[in-house]
Amino acid sequence: MAQDELPRPDQLEIATLGPCQFDSPLPRSLTEGDGIGNFVPDDTRVLYDIEFTSHRPPNHQLAFERAGARAKMFFDPAETRAAIVTCGGLCPGMNNVIRTIYYELTANYQVPEVLGIRYGFRGLNPSEGLPPLVLTGDFVDNIHKVGGTVLGTSRGPQEPAVMVDFLVAESINILFCVGGDGTQRGADALCKEIKRRELPISVIGVPKTIDNDIKFVWRTFGFFTALEKATEVIDSAHNEARGVENGIGLVKLMGRESGFIAAGATTASGQVNFALIPEVPFALEGDGGLLGKLERRLRARRHAVIVVAEGAGQDLLSNTPDAYDASGNRKLGDIGGFLRDRIGDHFKKADLHVSIKYLDPSYHIRSVAANCADSLLCDQFGRFAVHAGMAGKTDMLMGLWNNMFVHVPLELATGAKKQISPESDLWASVLSVTGQDRW
């Protein structure tokens, strides 16, 4: 489904494994801790569009199923075995989600055993020789204080039939898949094989992408941490640029198809003169291009800071590879190195000495521990995911819509990325902060 295309009401329906017959062991006080007051009735909905006018009333048929603890469960906790898998690139908060899911299952739902799947979907293939870990309180107790994932990760799918065989052999009733678009596509394929075999196994997706580009998730965990760290790097680049005559700080940030980190950090820092994102093509040559504007900026102010998202300007790269990684993502050309070299060449021809400081902090940013805001979000995503799994929901992703946690069908949430609209308030803020013209 295209980004701006409205879903149909039937596309928002959540699959379930069957009737819920077991009483929840959660006391009312614990459900209040989730901020939902008490158990959520299964027919509670969150409107897709909360904005309306007198001429356009809200569409009550277009609504997401609200997340939260249910009074009745599909799974008997005493007979339930759950597993957690983390996939794709690193992102601040992955360990927080693992920890929260473990404690919610064991301490609150009294599930006796939770497994950790090692190295992504590879751990669901016995031929890889990666037996799962039995998680314990001692193992997960302090993992939220470190970055990365204690379970390991990998990219790429495994054969759904092989993964389902593994779940059956290991008596796993609920699988929590923590990952981005590629991971959730793999989880959806897994669900289709489970449904074909008519097995009572729940698969719950937890959205993980530092780029903040998953549809129907207003903010993914790790994004605010990335903004915080990226802003620090931008400020350092600004100091470097100001420290010499005609200094240029060039910072490349994450953002394959969506420029949320570049735009957000640019606005937060307030020290950027040019922000380049995938959603807004830019010219390089000519008076209206980046090089001409940069030259005018240097001659007037003697320093400049440029922030570029990794997916920006790919049309300018003649050697952009036509290849894809194991997760199905198109491999990108190095826009940061390209701009560094072209800027250097331009000013040599203009006989203007410049000092370019190029910073690419991507691996540092994605591997740090989550900050306070993201730690809280991880806790919420993890708990709501457990509530959904225990209630027998399946083939769904935890969403965050209109500031409320909701259930989103996996098929609807995957395929197209959330992107910045050039007409949005966010991009207007970037233009205002940088002073750059529209290209």
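**Helix 13 and beyond**

Reply: This is a predicted model. In helix 13 (residues 425–434), the buried residues are W427, V430, L431 and T434.

Me: Why do the buried residues of helix 13 line one face?
Reply: Looking down the axis of helix 13, the buried residues fall within an arc of 95°, so they line one face of the helix.

Me: And which residues are exposed on the other side of helix 13?
Reply: D425 and S432 are exposed there.

Me: What do the buried residues of helix 13 pack against?
Reply: They pack against helix 7 (260–269) and strand 12 (274–276).

Me: What follows helix 13?
Reply: G435 does, and its phi is positive, near 80°.

Me: OK, strands now. How many residues of strand 17 are buried?
Reply: Five of the six residues in strand 17 (residues 404–409) are buried, so that strand is mostly covered.

Me: Which way do strand 16 and strand 17 run, and how many bridges join them?
Reply: Strand 16 (residues 396–401) and strand 17 run antiparallel, joined by six bridges. In one of those pairings, W401 has M404 of strand 17 as its bridge partner.

Me: What's in the turn of that hairpin?
Reply: The hairpin of strand 16 and strand 17 has two residues between the strands, and N402 in the turn has a positive phi of about 50°.

Me: In what sense does strand 4 pair with strand 17?
Reply: Antiparallel, over two bridges, with strand 4 covering residues 63–66. The bridge partner of E65 in strand 17 is H407, and that of R66 is V406.

Me: How many bridges join strand 3 to strand 4?
Reply: Three, and strand 3 (residues 45–47) runs antiparallel to strand 4. V46 has F64 of strand 4 as its bridge partner.

Me: F64, then. Is it buried or exposed?
Reply: F64 is buried, at a relative accessible area of 0%.

Me: Switching to rings. How many aromatic pairs does a search of the whole structure find?
Reply: Eleven aromatic pairs are found in the whole structure. In the pair of F64 and W401, the ring centres are 5.6 Å apart and the planes are at 65°, so the pair is edge-to-face. F64 lies in strand 4 and W401 in strand 16, so this pair ties together parts that are 337 residues apart in sequence.

Me: Which residues do ring pairs link into a cluster?
Reply: Y48, F64, F216 and W401 are linked that way.

Me: Where does F216 lie?
Reply: F216 is in the loop between strand 10 and helix 6 (223–242). Its phi is positive, about 65°, although F216 is not a glycine. F216 counts as buried, because its relative accessibility of 5% is under the 20% cut-off.

Me: What about phi of E198?
Reply: Phi of E198 is also a positive value in a residue other than glycine, near 60°. E198 is in the loop between helix 5 (181–197) and strand 10 (202–207). At 72% relative accessibility, E198 counts as exposed.

Me: Back to rings. What aromatic pair do F223 and F224 form?
Reply: A tilted one, at 6.0 Å centre to centre with 40° between the planes. F223 counts as buried at 7% relative accessibility, whereas F224 is partly exposed, with a relative accessible area of 30%.

Me: What sits over the ring of F224?
Reply: The charged end of R219, 3.9 Å from the ring centre. Elsewhere, K418 lies over the face of F260, at 5.3 Å from the ring centre.

Me: Now cores. How many residues are in the largest nonpolar core?
Reply: That core has 105 residues, and F176 and F221 have the most contacts inside it. Another core, of 22 residues, lies apart from it and includes V308, L317, F338 and F347. In soluble globular proteins, nonpolar side chains tend to be buried together.

Me: Last one: where is A369?
Reply: A369 is in the loop between helix 10 (362–366) and helix 11 (372–390). A369 is partly exposed, with a relative accessible area of 27%.

Me: What does A369 touch, leaving out residues up to four places away in sequence?
Reply: A369 touches P92, H144, K145, V146, G147 and T225. As for V111, its C-alpha is 28 Å from that of A369, and the two residues are 258 apart in sequence.

Notes
Residues numbered from 1 in each chain as written. Predicted model: local features only at pLDDT ≥ 70, side-chain atom pairs only at ≥ 80, totals over all residues. Heavy atoms only, no water. Helix = DSSP H or I, 4+ residues; strand = E, 2+ residues; numbered from the N terminus. Buried < 20%, exposed > 50% of the residue type's maximum accessible area, 1.4 Å probe, protein only. Contact = heavy atoms within 4.5 Å. Core = buried A, V, L, I, M, F, W, Y, C linked by side-chain atoms within 4.5 Å. Pairing = 2+ DSSP bridges. Arc of directions from axis to C-beta. Phe/Tyr/Trp six-rings, centres within 6.5 Å; stacked < 30°, edge-to-face > 60°. Lys NZ or Arg CZ within 6 Å of the ring centre and 35° of its normal.
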